[in-house]
Amino acid sequence: MEGVEPPIGEQQLSRVYIFDTTLRDGEQSPGCSMTTSEKLEMATALVDLGVDILEAGFPIASDGDFEAVDAISRQFPWVQVAALARSCTLDVERAAEALRHAKRPRIHTFLATSDIHLKHKLRKSRQQVLDDAVAAVSLARNYTDDVEFSAEDATRTDIEYLEAICQAVVEAGARTVNLPDTVGFSVPSEYAELIGRIVRTLGDRAIVSVHCHDDLGLAVANSLAAIEAGARQIECTINGIGERAGNAALEEIVMAIKTRQERLPFETKIHTQNLFPASQTLTRFISFGPQPNKAIVGENAFAHEAGIHQDGYLKNPLTYEIVSPESVGVPETRLVLGKHSGRHALHKRAEDLGYQLSRSELDELYQRFTHAADNKKGLRNDEIALLIESIIGGHSREAERAVPVPAGH
Ligand code: KIV
Ligand code: ZN
């Protein structure tokens with residue numbers, strides 16, 4: 001029947017492609033450089049995760065980047081591997097050479113389009129930049145059909161000019177047009193407007209892609225607003241690493257889509273149970289891990305400390321958990337026992353540690369536990385076990401003393 005929404009679950013889901021740039025935008029940021037063998041191991045985690053396009057490096061930037069693109073192309077021939085190139089001959093040729101063993105190579109060429117960049121960085125006119133972009137895309141098409149063009153600083157670019165350059169690169173053969181929020185300047189409603197306009201301009205001649213930086217903490221929100229406006233590729237990184245405040249976090253985007261299907265009727269091919277393992281692999285190779293309260297992969301993402309929360313969670317996890325830890329590969333929900341925890345959680349932890357406590361033992365444990373937790377950030381399992389042992393031990397010594405000694409001894 002016309003005008004009636006199909007029930008949730010029967011809606012047609014639009015496919016969104018996940019373009020991972022952990023090994024390029026992520027790797028180029030401070031504290032994140034990796035060796036080729038580390039990049040290969042990280043690429044394995046990304047392939048297991050099911051990313052659609054894996055950006056493996058910026059071959060002209062260093063021999064290490066060239067080697068990584070080459071090695072990843074050889075090791076994962078079935079994967080769509082991308083290499084970055086500025087819009088100039090040397091860069092495009094170097095990217096093509098690094099990708100020569102890839103079965104599904106993508107050349108990703110970029111050029112800044114905002115007046116700020118044209119005036120202060122490139123010192124070129126709008127026409128010169130448009131010509132360079134078209135020339136780079138045409139050259140790249142001699143090596144592969146799969147060419148992406150990025151209009152760097154798109155969100156601060158004059159919209160008519162941006163529209164003209166997008167049309168010109170698509171005419172030259174670009175299949176994907178990326179509109180980066182390079183400096184993390186945009187807000188969701190504004191970004192959605194921009195994306196919607198370019199989607200309408202290009203129609204089905206190209207996929208519109210987004211690439212958001214997190215300078216104002218809006219990278220994920222902007223990326224989600226963009227897919228609602230018609231973008232179908234999202235560029236993102238594990239743990240949100242990347243230049244300055246980072247890129248949009250892959251795990252947050254994917255889980256937002258998966259968790260809120262009724263508002264975000266999209267699908268990705270990400271195997272979500274591999275999200276946490278991928279995050280852990282990355283953390284092994286770079287100099288910092290995700291912040292403890294980082295969504296999805298942070299140490300505390302599934303930790304409940306407040307007593308009311310723990311009580312509700314133990315009665316039914318749905319009370320305080322919208323994503324299950326297993327669905328993203330986190331081994332267990334962590335009930336942190338701290339000063340806000342209640343008797344219910346403490347009792348459960350004692351049972352998990354193998355103790356069956358009587359009511360009076362539990363009373364005593366709770367009293368001693370709250371006293372200890374008041375002075376600490378939280379008690380570890382071994383500390384709780386010690387407390388329990390001292391209570392049980394104390395009781396059994398009292399019991400021993402209470403047993404009457406038989407006469408004659
Ligand atoms: O942030 C940016 O604009 C980029 C481009 C090279 C895609 O990383
Ligand atoms: Zn970037």
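Reader: How far is a polar side-chain atom of His211 from an oxygen atom of ligand 1?
Author: In this predicted model, that distance is 3.1 Å. His213 also places a polar side-chain atom 3.0 Å from a ligand oxygen. For Asp25, a side-chain N or O atom lies 3.0 Å from an oxygen atom of ligand 1. A polar contact here is a pair of N or O atoms within 3.5 Å; within protein, one must be able to donate a hydrogen and the other to accept it, and residues adjacent in sequence count only if both atoms are side-chain atoms.

Reader: How much of ligand 1 does the protein cover?
Author: 94% of the 260 Å² of accessible area that the ligand has on its own. That area comes from the Shrake-Rupley method with a 1.4 Å probe; for residues, only the protein chains shown count as cover.

Reader: New topic. What domains does the chain have?
Author: Domain 1 (12-285) and domain 2 (307-400). The bounds come from an automatic or database domain assignment. Their C-alpha centres lie 46 Å apart.

Reader: How many residues are in contact there?
Author: Seven from domain 1 and eight from domain 2. Contact means heavy atoms within 4.5 Å.

How values were computed: Residues are numbered from 1 along each chain as its sequence is written. Chains are lettered from A and ligands numbered from 1 in the order in which they are written. This is a predicted model: local features need pLDDT of at least 70, side-chain atom pairs count only at pLDDT 80 or more; totals for chains, interfaces and linings use all residues. Side-chain values use heavy atoms; hydrogens and water are left out.
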